[in-house]
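Visitor: Could you take me through a close look at one part of this protein? Please start at the surface and work your way in.

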Amino acid sequence: MPFVDQLPALLGVVVGAVGSYAASSLTERGRWRRARTERWDNERFHSYARYAHLLKIQIHLAQRIGAARGLPRTGNPMDIEEGLAQLDEAETNRAAEWESVLLVGDAATVAAARTWHEAVWNVELYAKGMRSDPDGWVSAVSAVSRARDAFYASARRDLGIAGPPPPSGQWPRPWEIDEPAELMAERESR
């Protein structure tokens with residue numbers, strides 16, 4: 001059988017091999033991209049969750065120190081010196097995790113995270129005794145809550161989680177303050 005007669009079959013084998021290689025290469029490339037996206041989504045989720053947890057520790061400590069300083073209670077009072085030492089350590093931990101948020105977060109979520117930790121810093125000024133106005137304290141604690149909600153909404157969007165985050169609680173809780181609920185509602189409406 002002459003070579004020319006075998007050429008169509010040989011050409012068919014070559015075309016089939018090239019097509020098979022191209023199809024598996026495209027499939028494998030798509031699988032690799034999906035796995036990489038999933039890996040980064042998982043890393044973003046964990047980074048956002050760790051960061052939120054560290055900020056919650058900071059705000060909890062600041063609120064307890066603020067309660068010890070006589071500010072409207074949003075936590076059980078604690079020893080001020082011990083609290084300030086823990087607050088410094090919590091800030092160090094938050095700052096380290098911040099680098100992960102900067103690395104994997106999208107711009108909107110990084111901006112929301114920055115707004116949140118700056119609001120926490122404002123509450124810390126009261127905990128550190130640099131501010132003492134009770135109305136300012138209540139306003140600062142409320143700003144932290146709003147900033148937290150904005151961070152969670154942005155993080156959920158970045159992670160592709162459908163729907164809004166659950167509603168935030170009202171802080172301080174009515175039973176944690178000395179004034180009646182009507183006065184608190186009136187002050188918040190101003």
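Guide: Start with Leu7, Leu10, Val14 and Val18. Together they form a nonpolar patch on the surface, with about 340 Å² of accessible area. (Accessible areas come from the Shrake-Rupley method with a 1.4 Å probe; for residues, only the protein chains shown count as cover.) (A patch takes residues with over 30% relative accessible area and no salt bridge; like charges are joined within 9 Å, nonpolar side chains such as Val, Leu, Ile, Met, Phe, Trp and Tyr within 5 Å.) This is a predicted model, in which local features need pLDDT of at least 70 and side-chain atom pairs pLDDT 80 or more, while totals for chains, interfaces and linings use all residues. Residues are numbered from 1 along each chain as its sequence is written, and side-chain values use heavy atoms, with hydrogens and water left out.

(Helices are DSSP runs of H or I, at least four residues; strands are runs of E, at least two; both are numbered from the N terminus.) With a relative accessible area of 53%, Val18 is exposed. (Buried is under 20%, exposed is over 50%, partly exposed is in between, with a 1.4 Å probe and protein chains only.)

Ala49 is at 37% relative accessibility, so it counts as partly exposed. Its C-alpha atom is separated by 9.4 Å from that of Ala155, which sits 106 residues away along the chain.

Next comes Tyr48. What share of relative accessibility does Tyr48 have? The value is 3%, so Tyr48 counts as buried. Its ring leads us to the aromatic pairs. A search of the whole structure finds seven of them. (Rings of Phe, Tyr and Trp, for Trp the six-membered ring, pair if their centres lie within 6.5 Å; planes under 30 degrees apart are stacked, over 60 edge-to-face, the rest tilted.) One of these pairs is Tyr48 with Phe151. It is edge-to-face, with 5.8 Å from centre to centre and 80° between the planes. Tyr48 is in helix α1 and Phe151 is in helix α4, so this pair links distant parts of the chain, 103 residues apart. Phe151 has a relative accessible area of 0%, so it is buried.

Phe151 has another ring partner. Trp116 and Phe151 form a tilted pair: 5.3 Å centre to centre, 35° between the planes. Here Trp116 in helix α3 is linked to Phe151 in helix α4, 35 residues apart. Trp116 is buried, as is Phe151. Step back, and you find one aromatic cluster: Tyr48, Tyr51, Trp98, Trp116, Phe151 and Tyr152.

Stay with Trp116. Leave aside its neighbours within four places in sequence. Its contacts (heavy atoms within 4.5 Å) then include Ala52, Leu55, Lys56 and Val144. Ala147, Arg148, Phe151 and Tyr152 are on that list too.

Trp116 also belongs to the largest nonpolar core, which has 33 residues. (A core is a set of buried Ala, Val, Leu, Ile, Met, Phe, Trp, Tyr and Cys residues joined through side-chain atoms within 4.5 Å.) Those with the most contacts inside this core are Val101, Trp116, Val123, Trp137, Val144 and Phe151. Helices α1, α2, α3 (107-127) and α4 each supply at least two of its residues.

A search of the whole structure finds seven salt bridges. (A salt bridge is a side-chain nitrogen of Lys or Arg within 4 Å of a carboxyl oxygen of Asp or Glu.) Arg44 and Asp158 meet in one of them, at 3.1 Å from N to O. Arg44 is in helix α1 (residues 3-68) and Asp158 is in helix α4 (residues 134-159), 114 residues apart. Both are buried.

Arg50 and Glu97 meet in another salt bridge, at 3.2 Å from N to O. Arg50 lies in helix α1 and Glu97 in helix α2 (residues 80-104), so the pair ties together parts 47 residues apart in sequence. Arg50 is at 35% relative accessibility and counts as partly exposed. Glu97, at 12%, counts as buried.

Look next at Asp149 and Arg148. Their side chains meet in a salt bridge of 3.8 Å, N to O. Asp149, at 25% relative accessibility, counts as partly exposed. Arg148, at 18%, counts as buried. Elsewhere, salt bridges that share partners join Asp41, Arg44 and Asp158 into one network.

Finish with the whole protein. There are five helices and zero strands. Buried residues make up 32% of the 190 residues. The accessible surface comes to about 11,600 Å², and 58% of that belongs to carbon and sulfur atoms.
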